[in-house]
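Here are my notes on this model, written as numbered points. Please keep the structure open beside them and check each point as you read.

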Amino acid sequence: MTADDSRLVISDGASESFDSKTWARLLVSSFVQCPELNESWLANAISRFAARFDFANLSWSKQAAFTRGSFATLLAVDQSTGPDNVNITSVGDSLAVFLDSGELLQSFPYVQAEEFQQRPQLLSTNTISNTFVTSQDFLANHQKTWSLQGRSDPVILCMTDALGAWALRHSQNGNPRWQQLAQIRDVTELESLVIQERDAKTLRVDDTTLVLLSFLERQQDELPES
Amino acid sequence: MSYTAEISRSNPTAFLFLVDQSGSMSDPMNPNVSKAQFVADVLNRTLTTLITRCTRSEGTRNYFEIGVLGYGGEGTYNGFQGALGSSIINPISAIEASPLRIEQRKKKMDDGAGGIVEQSINFPVWFEPNANGGTPMCQAVTRAAEELVAWCDSHPNSYPPTVLHITDGESTDGNPEELAAQLRQIQTNDGTVLIFNLHVSPSSEEPITFPATETGLPDVYAELLFRMSSPLPEHLIRFAQEKGYKVGMESRGFMFNADAVQIVEFFDIGTRASQLR
């Protein structure tokens, strides 16, 4: 998150990666500093990643794994352009969900749980895997703007894919869990929910992250119109 | 639901390759290479791919255990040698650590700017080509069953083992169909052992890929291999469809008269177990 709390970035590393943890952290720090996802931004992040490893002295298998690549999602919520709108940037299957008073307004990039079954595009340390970033409709497909105007209690939830699929599935089945997620206040509450749902085999076993952004305080701080 | 167990270091899965090394495997696959050499190259490349998928910056994670049984004139034997020769099924980190040698080979690669470049790549070798004698397929399937009964007993919660059987001809030591059926009865709590059969042939006859029925198969030998093959689990159906194959719920893991491209894809699809944790 930026120091002025105007931008939140999360990244979920893919399991079949050489070092997805380092790559995800680099993507987050790069986007916090400079929120312009394009070819040169990505090339710079890849260079920073490569500089952390002495490729020539890796074993043959680590060289092969390094070359195959590391992969991660990127999900950013940005309010730096003003108080009324929130800009979402998403690559991959980490999910942003827009709620108002606990009710679902929108989700991005997916709206149906079934969409999580497809193989997502991810940002890679392997340049050849990133050609989609240079396509003409890249920004149109990977950015969204949500308006906070007129909302009584706007909240954006950011979550990794296992939790996103679980939440959308419950919503589609007429049993929304949005209010429950929006009321989580500490990690032990999240852990408790995750353990319960994994035991019930309704939540896939995977690294699970949830970030809750409330915009209510910021709006209350603003002077009302006379 | 079967075939849904997550593959992890505490619950790895197993791949067991049965490779026909009978005399007819010395016949050419293409003008430059024999069937035996081509299959050995694809197997070695598949092992490299599996190792690469498991390798992280801190080392190779034991998501898979792998065995190779060759069969031919000398009976059925461990396809691995040296440090890997004392047991049939080895953890993948042990395989990573013990190639027989690492060759340097040329590979054409996309340069990311619309062009193709040739690069020198490491090509580890574990399995050597051989072509000698008859085709003791029954012996090979029996040996596979012995190995997998023990493996499943010690890995009760794992995704079941997958057997990939590569052959170019008919069994010379009896009818393996009943033995294959018994092999397919071996199970973990996540399902029964999968057997996928690949018939390799340089002929120009039309290849058959993942059929759903015996109807239309060219001869009784193809029908036999079909009956010996397991239906594809759902995630492999999806993966095969992504590769452009017409497959459905009844499709079996079986290719007949497979050409070079299909041999590579058979190995790729057959070893694409579900997501690693």
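In what order do the four strands of the open sheet that holds E6, E5, E9 and E10 of chain A stand? Point 1 answers this. Keep in mind that the model is predicted.

1. The order is E6-E5-E9-E10. The sheet is open, and its pairing is antiparallel. Strand E6 (103-108) and strand E10 (210-214) of chain A are the edge strands. Each has a single partner strand, so one side of each is left without a neighbour in the sheet. From one strand to the next, the twist averages 20°.

2. Look at strand E5 (residues 95-100) and strand E9 (residues 154-159) of chain A. They run antiparallel and are joined by six bridges. One pair to find is A:Val97 with its bridge partner A:Leu157 in E9(A). Strands of a sheet pair through backbone hydrogen bonds.

3. Helix H5 (residues 161-172) of chain A lies across E5, E6, E9 and E10 of chain A. H5(A) runs at about 125° to E9(A).

4. **Another sheet in chain A.** Four strands form an open sheet in the order E1-E3-E4-E8. The pairing is antiparallel here. Which strands stand at the edges? They are strand E1 (7-10) and strand E8 (143-147) of chain A. Each has a single partner strand, so one side of each lacks a neighbour in the sheet. The twist averages 15° from one strand to the next.

5. **E1 and its partner.** E1(A) pairs with strand E3 (residues 74-78) of chain A in the antiparallel sense, over four bridges. A:Val9 stands opposite A:Ala76 in E3(A). Helix H1(A) lies across E1 and E3 of chain A. H1(A) runs at about 160° to E1(A).

6. **Two helices in chain A.** Helix H1 (residues 20-33) and helix H2 (residues 39-50) of chain A have axes that come within 10 Å. The axes cross at roughly 135°. That angle makes H1(A) oblique to H2(A). The crossing is right-handed. H1(A) brings A:Thr22, A:Trp23, A:Leu26, A:Leu27 and A:Ser30 to the contact. H2(A) brings A:Trp41, A:Ala45, A:Arg48 and A:Phe49. By class, this contact has six nonpolar, two polar and one charged residues.

7. **Two helices in chain B.** Helix H1 (residues 35-54) and helix H7 (residues 260-270) of chain B pack at an angle of about 35°. Their axes are 10 Å apart. H1(B) and H7(B) make a right-handed crossing. Which residues meet here? B:Phe38, B:Val42 and B:Thr46 in H1(B) meet B:Ala260, B:Ile263, B:Val264 and B:Phe267 in H7(B). The contact has six nonpolar, one polar and no charged residues.

8. **A strand in the open.** Is strand E10 (residues 116-125) of chain B largely buried or largely in the open? Of its 10 residues, the number buried is one, so E10(B) lies largely in the open. E10(B) pairs with strand E9 (residues 101-110) of chain B in the antiparallel sense, over 10 bridges. B:Asp110 has B:Ile116 in E10(B) as its bridge partner.

9. **Where the chains meet.** The contact takes 13 residues from chain A and 18 residues from chain B. The side of chain A that touches chain B has six nonpolar, three polar and four charged residues.

Key
Residues are numbered from 1 along each chain as its sequence is written. Chains are lettered from A and ligands numbered from 1 in the order in which they are written. This is a predicted model: local features need pLDDT of at least 70, side-chain atom pairs count only at pLDDT 80 or more; totals for chains, interfaces and linings use all residues. Two residues are in contact if their C-beta atoms, placed from the backbone, lie within 7 Å. Ala, Val, Leu, Ile, Met, Phe, Trp, Tyr, Cys and Pro count as nonpolar, Asp, Glu, Lys and Arg as charged, and the others, Gly among them, as polar. Axes are lines fitted to C-alpha atoms, for helices over the stretch in contact, and angles run from 0 to 180 degrees between N-to-C directions. Angles under 35 degrees count as roughly parallel, over 145 as roughly antiparallel, 65 to 115 as roughly perpendicular and the rest as oblique. A crossing is left-handed if the near helix is turned anticlockwise from the far one by less than a right angle, and right-handed if clockwise. A residue is buried if 20 or more other C-beta atoms lie within 10 Å of its own, exposed if 12 or fewer, and partly exposed in between; C-beta atoms are placed from the backbone. Two strands pair if DSSP finds at least two bridges between them.
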